[in-house]
Amino acid sequence: MKANYLSNENNQLVCVVDDEFSTRESLSSLLRSAGLNVQTYSSAQEFLSKVSTEALGCLVLDVQLPGISGLDLQQELASKDIQIPIIFITGHGDIPMSVQAVKAGALEFLTKPFDNEHLLETIRSAIARNKKNECSPGRMAHERFEERIRTNGAPRAIANQPEIVISAQLNGSEKAAVAFGEIIGQSGSWLQITRQIEMVAPTDATVLIMGETGTGKELIARELHRRSRRKDRPLVRVNCACIPKELYESEFFGHAKGAFTSAVRDRVGRFEAAAGGTLFLDEIGEIPLDLQSKLLRVLQEKCYERVGEEKTRSADVRIVAATNRDLEKEVAAGRFRGDLYYRLNVFPLKIAPLRERRGDIPLLTGFFVNLVAKELGCPKPKLTRAGIETLQDYDWPGNIRELRNVIERAVIFARGSALEFDLVGNGSDPTLCKRVDVNEPEPKYLTESEIRRRERENIFAVLQKTSWKIKGAGGAAELLGVNPSTLISRIEKMGLKRPDFVRSS
């Protein structure tokens, strides 16, 4: 007869299933010291024969078990419509296995040795979330993710109910939002990214971060490094778009004194500077085609030579690359080597633009308002529901970087009063951009053409403000929070023309 635990609903049962005696004992001691009701089992068979699944608040499950594996147990429970929050633990760190578990609905996937506080926080979050939602004790996390994804496009104010960001609860406060390192968000797509970071960070797998300018690719690279086994070694960033073509080899691999005219002393390259740590190759798509083979060689053979030197050096680095280009299209067009792309694309992370995760805007806005007010020494302004809705209605071509810039300007103008956000350009040439009838009521939704019109007007207004200065301090690219090359591309695509009366700066 199965045991009937959980007579007290405030002391939900946590079951640990692991074939290692030491792991069961240590976890049992940890959970009991935290005030949790815990039972341990050495196999899936023992767990199934002794526990009433209706009584469970959470299941901590090893992947590699004798007989029925952890993944098999997960599938068996799902097939019987028994929904239990599952936290997987493993000593193997197998990425494909992690992905399989997460797709099947696992709440978390931790690699041994894991942080005790992190595990406790995850368990408490799962139990608290289930109680708050008044759902069955085993409602799986992926159902909540799907619900967030379905509602993500609709503007909404900051939610009052707690939201789970991996292992932290959010109640609308920006301080709680920074629970996953520097990463802030509650949308389904952003939560999925944080889960993937946790899976791949402890490994040495090469990661390719793909996303538009301003989506937070560098922040993700820092979090990957911070959670890796190389965290005590350097994280070295290389902006591949800013290196002159003739200096690529020297920048990456270093050079010996006298290797060329200006080489007056030996120079350490970025691979050597990042030895034992992580090398972040930002804007990887900007590397000239004829130089990509040199990078491919060091990634394949893990060795290189300084320019002007015959000594071969080893490259003990973890590679994280990022791009705002579609590298598959670049490969098809012959502008990027296919073999280099496949070498980089071991574990891809695709970052959704801000317009596809509008549910994150309230959290980001609250965080930036406090941060900017503190940095600038300004009185903290009021953030209204109308202000949040204005931000959520905007398309954010510059993504999070543009959002911060907009908030910074609004904080300065607010002088401690309510924040106001003017996101639609108002100085456009009527011959180039269609004027809006101020007497016409604003539609409850925007068509694709209306979205494009707003973006066009906004860019044109900023260009007018900067006298069509695009690059450099005070230029349009800086104000919009985008790369100059990205802005130039958009100007050409939109067919925007500088009026004759605007003088060149």
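Helices (H or I, at least four residues) and strands (E, at least two) are taken as DSSP runs and numbered from the N terminus. The structure is a predicted model, in which local features need pLDDT of at least 70 and side-chain atom pairs count only at pLDDT 80 or more, whereas totals for chains, interfaces and linings use all residues. Residues are numbered from 1 along each chain as its sequence is written, and side-chain values use heavy atoms, with hydrogens and water left out.

The secondary structure of the chain comprises 20 helices and 16 strands. Of its 505 residues, 50% are buried, where buried denotes under 20% relative accessible area, exposed over 50% and partly exposed the range in between (1.4 Å probe, protein chains only). Contact is defined by heavy atoms within 4.5 Å. Among contacts between residues at least 6 apart in sequence, 71% join residues at least 24 apart.

An open sheet is formed by 5 strands in the order β9-β12-β15-β8-β16, with parallel pairing. Two strands are regarded as paired if DSSP finds at least two bridges between them. In general, strands of a sheet pair through backbone hydrogen bonds, either parallel or antiparallel.

The parallel pairing of β9 and β12 extends over 5 bridges, and Val-238 stands opposite Leu-281 in β12. Strand β12 (residues 278–282) in turn pairs with β15 (residues 318–323) in the parallel sense over 4 bridges. Within this pairing, Thr-278 stands opposite Arg-318, and the bridge partner of Phe-280 is Val-320. A parallel pairing over 4 bridges also joins β8 and β15, with Ala-321 of β15 as the bridge partner of Leu-208.

Strand β15 is mostly covered, 6 of its 6 residues being buried. Both of its faces are covered, with Arg-318, Val-320 and Ala-322 buried on one side and Ile-319, Ala-321 and Thr-323 buried on the other. Helix α8 (residues 188–200) lies across β8 (207–210), β15 and β16, and runs at about 160 degrees to β16.

A nonpolar core is a set of buried Ala, Val, Leu, Ile, Met, Phe, Trp, Tyr and Cys residues joined through side-chain atoms within 4.5 Å. The largest such core has 30 residues, and those with the most contacts inside it are Phe-252, Phe-271, Leu-279, Leu-281, Ile-284 and Leu-295. Two or more residues are given to this core by each of β8, β9, α10 (248–253), β12, α12 (289–301), β15 and α14 (338–344). The largest share, 5 residues, comes from α12. Apart from this core lies another, of 22 residues, among them Val-369, Leu-403, Val-406 and Ile-407. Leu-295 touches Phe-271, Leu-281, Ile-284, Ile-287 and Leu-340, not counting residues up to four places away in sequence.

Rings of Phe, Tyr and Trp (its six-membered ring) are paired if their centres lie within 6.5 Å, with planes under 30 degrees apart counted as stacked, over 60 as edge-to-face and the rest as tilted. By this rule there are 11 aromatic pairs. Phe-252 and Phe-253 form a tilted pair, at 6.1 Å centre to centre and 40 degrees between the planes. Phe-252 is buried, with a relative accessible area of 4%, as is Phe-253, with 7%. One aromatic cluster comprises Tyr-248, Phe-252, Phe-253, Phe-271 and Tyr-304.

Thr-486 lies in helix α20 (residues 484–494) and is buried, with a relative accessible area of 16%. Leaving out residues up to four places away in sequence, Thr-486 touches Thr-213 and Asn-324. Ile-470, in the loop between α18 (448–465) and α19 (476–480), is likewise buried, with a relative accessible area of 18%. Beyond its neighbours within four places in sequence, the contacts of Ile-470 include Leu-463, Pro-484, Leu-487, Ile-488 and Ile-491.

How values were computed. Axes are lines fitted to C-alpha atoms, for helices over the stretch in contact, and angles run from 0 to 180 degrees between N-to-C directions.
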